[in-house]
Every structure is written in C-alpha cells, then in structure tokens.
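Please read these notes with the coordinates open. The points go from single residues to the whole chain.

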Amino acid sequence: MEMSSADKEIMSFLGIGLMLLASVIVTFARVKTKGLIKLILSVIAFVMLLFGFFYGILAIL
C-alpha cells in the first residue's frame, strides 16, 4: 500500500518530534537526576529515539 504525501509528512514530523523529545529527556536525565531515575529516563529516551528513527525511515520509503 502506497502512502500519500500527507501521510509521509506526518510520519516525518512524528519522527522529528520523537527524536527532539528524546534529546530533551536525555539532557534532563544527565543534568538533573541520579541513579535509577536517570537509568529509567535514559531507557525511555532510547526507545523514543528508536521509534523516531523508524518513523523517519518509513517517511523516506
């Protein structure tokens, strides 16, 4: 099934937004938190980064 241009645009914006949010979360985790909270926030940001990457790839295809 072929995606329309609008669908690809939405996918790309979603990917960009997830990557941006992941960057903000990692920065916050490194500067303001310690221990287990830092680890949990970093893992959440990593998962968001992966989803953002996959949405970006889908937007290209």
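Is leucine 21 buried, partly exposed or exposed? Leucine 21 is partly exposed, at a relative accessible area of 44%. The cut-offs are under 20% for buried and over 50% for exposed, with partly exposed in between (1.4 Å probe, protein chains only).

1. Basis. This is a predicted model, where local features need pLDDT of at least 70, side-chain atom pairs count only at pLDDT 80 or more, and totals for chains, interfaces and linings use all residues. Residues are numbered from 1 along each chain as its sequence is written, and side-chain values use heavy atoms, with hydrogens and water left out.

2. Secondary structure. The chain has 2 helices and 0 strands. Both kinds of element are DSSP runs, numbered from the N terminus: helices are H or I with at least four residues, strands E with at least two. Helix α1 has 28 residues, and its end C-alpha atoms are 40 Å apart. That agrees with the 40 Å that α1 should span at 1.5 Å a residue. Helix α2 has 26 residues and reaches 38 Å from first C-alpha to last, close to the expected 38 Å. The expected span is 1.5 Å times one less than the number of residues.

3. Overall dimensions. The C-alpha trace spans about 45 × 15 × 10 Å along its principal axes. The radius of gyration is 14 Å, whereas a compact globule of 61 residues would have one near 10 Å. This radius is taken over C-alpha atoms, and the globule rule is 2.2 Å times the number of residues to the power 0.38.

4. Surface. Of the 61 residues, 20% count as buried. The chain exposes about 4,800 Å², and carbon and sulfur atoms supply 77% of that area. Areas come from the Shrake-Rupley method with a 1.4 Å probe; for residues, only the protein chains shown count as cover.

5. Buried positions. In α1 the buried residues are Met11, Gly15, Leu18, Ala22, Ile25 and Ala29. Their cover includes α2. In α2 they are Leu41, Ala45, Met48, Gly52 and Ala59. Their cover includes α1. As background, an α-helix has 3.6 residues a turn, so residues three or four places apart point the same way.

6. Core. Which residues make up the largest nonpolar core? The set has 7 members: Leu18, Ala22, Ile25, Ala29, Leu41, Ala45 and Met48. The most come from α1, with 4 residues. A nonpolar core here is a set of buried Ala, Val, Leu, Ile, Met, Phe, Trp, Tyr and Cys residues joined through side-chain atoms within 4.5 Å.

7. Met48. Leaving out residues up to four places away in sequence, methionine 48 touches Leu18, Leu21, Ala22 and Ile25. A contact means heavy atoms within 4.5 Å. Leucine 21, one of these partners, is found in helix α1.

8. Leucine 49 lies in α2 and is partly exposed, at 39% relative accessible area. With neighbours within four places set aside, leucine 49 is in contact with Met19 and Ala22. The C-alpha atoms of leucine 49 and alanine 22 are separated by 5.9 Å. Glycine 17 lies in α1 and is partly exposed at 33%. Between the C-alpha atoms of glycine 17 and glycine 52 the separation is 7.5 Å.

9. Tyr55. Tyrosine 55 lies in α2 and is partly exposed, at 26%. Beyond its neighbours within four places, tyrosine 55 is in contact with Met11, Leu14, Gly15 and Leu18. Its C-alpha atom is 19 Å from that of valine 24.

10. Salt bridge and contact range. The count comes to 1 salt bridge, a side-chain nitrogen of Lys or Arg within 4 Å of a carboxyl oxygen of Asp or Glu. Glutamate 2 pairs with lysine 8, the closest N and O atoms being 4.0 Å apart. Glutamate 2 is exposed at 65%, whereas lysine 8 is partly exposed at 22%. Across the chain, residues 24 or more positions apart account for 61% of the contacts with a separation of 6 or more.
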